[in-house]
Amino acid sequence: DRAGRDSAVKDVGLLGALALTATEPRRRPPKVVHDARHAARDLRKSAVKAGKSADPRTRGASAKLPSGKR
């Protein structure tokens with residue numbers, strides 16, 4: 001009947017769209033996203049480096065501050 005045929009055509013169309021999406025090569029992220037990821041990574045590295053080079057007496061100073069001041 002007509003309803004079954006329409007449903008089958010829709011299902012085949014969706015299957016085709018799924019096949020196209022699954023076989024499409026991945027695109028690179030936009031340059032802004034790429035730059036932001038690298039900037040965040042560099043910032044983390046510099047923060048770790050600064051923490052390691054900090055004076056041992058000041059490392060726990062933030063733990064002594066009131067909770068609203070961090």
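The model is predicted, so local features need pLDDT of at least 70 and side-chain atom pairs count only at pLDDT 80 or more, while totals for chains, interfaces and linings use all residues. Residues are numbered from 1 along each chain as its sequence is written, and side-chain values use heavy atoms, with hydrogens and water left out.

Select Asp1, which sits in the segment before helix H1 (2-23); helices here are DSSP runs of H or I with at least four residues, numbered from the N terminus. Asp1 counts as exposed at 75% relative accessibility, where exposed means over 50% relative accessible area, buried under 20%, and partly exposed in between, with a 1.4 Å probe and protein chains only. Its side chain comes to 3.4 Å from the backbone nitrogen of Gly4.

Next, select H1 itself: the number of buried residues among its 22 is 0, so the helix lies largely in the open.

Move on to Lys31 and Asp35, which form a salt bridge with the closest N and O atoms 3.3 Å apart; the term requires a side-chain nitrogen of Lys or Arg within 4 Å of a carboxyl oxygen of Asp or Glu. Because Lys31 and Asp35 are 4 residues apart in helix H2 (residues 31-53), about one helical turn separates them. Lys31 is exposed at 60% relative accessibility, whereas Asp35 is partly exposed at 38%.

Finally, select Arg41 and Asp42, whose side chains meet in a salt bridge at 3.6 Å, N to O. Arg41 is partly exposed at 35% relative accessibility, and Asp42 is also partly exposed, at 42%.

Methods. Helix = DSSP H or I, 4+ residues; strand = E, 2+ residues; numbered from the N terminus. Polar contact = N/O pair within 3.5 Å; in protein donor to acceptor, adjacent residues only side chain to side chain.
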